[in-house]
Amino acid sequence: MTTGGPDPLKDALALQARVRGLQALLELQRWQIEVLNNRLYSSEPGGVAARRLLALKRDETTRGAFTMPKGVNDP
């Protein structure tokens, strides 16, 4: 092995460390999603209200901007 050349063992260890870091981040995101799902889809009144609010927000974004309906006496 020549000095100053690429070191496959060092590269492999660095790659392994990166993979472990990414796995830890993935586990954290899985936990966050699980917590959010438990809050959002709870059978408690707060969970029901959160589902309704999410549905309203989804409808609002699909329809575009909210437009106020005209009343009978409005010009």
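Predicted model: local features only at pLDDT ≥ 70, side-chain atom pairs only at ≥ 80, totals over all residues.
With a relative accessibility of 48%, Arg30 counts as partly exposed, because its value falls in the range between the buried limit of 20% and the exposed limit of 50%.

**The chain as a whole**

- The protein chain contains two helices and zero strands, and helix 1 covers residues 8-40.
- Of the 75 residues in the protein chain, 3% are buried.
- The protein chain exposes about 7300 Å², and 60% of that area is supplied by carbon and sulfur atoms.

**The salt bridge**

- Side chains of opposite charge can pair when their charged atoms come close.
- One salt bridge is counted in the model, and Glu27 forms a salt bridge with Arg30, in which the closest N and O atoms are 2.8 Å apart.
- Glu27 and Arg30 both belong to helix 1, where they are three residues apart, so about one helical turn separates them.

**The nonpolar surface patch**

- Leu22, Leu25, Leu28 and Trp31 make a nonpolar surface patch of about 450 Å².
- One of these residues, Leu22, lies in helix 1, and its relative accessible area of 57% means that Leu22 is exposed, because the exposed class begins over 50%.

How values were computed
Residues numbered from 1 in each chain as written. Heavy atoms only, no water. Helix = DSSP H or I, 4+ residues; strand = E, 2+ residues; numbered from the N terminus. Buried < 20%, exposed > 50% of the residue type's maximum accessible area, 1.4 Å probe, protein only. Areas by Shrake-Rupley, 256 points an atom, 1.4 Å probe, with all protein chains shown as cover. Patch = residues over 30% accessible without salt bridge, like charges linked within 9 Å, V, L, I, M, F, W, Y side chains within 5 Å. Salt bridge = Lys/Arg side-chain N within 4 Å of Asp/Glu carboxyl O.
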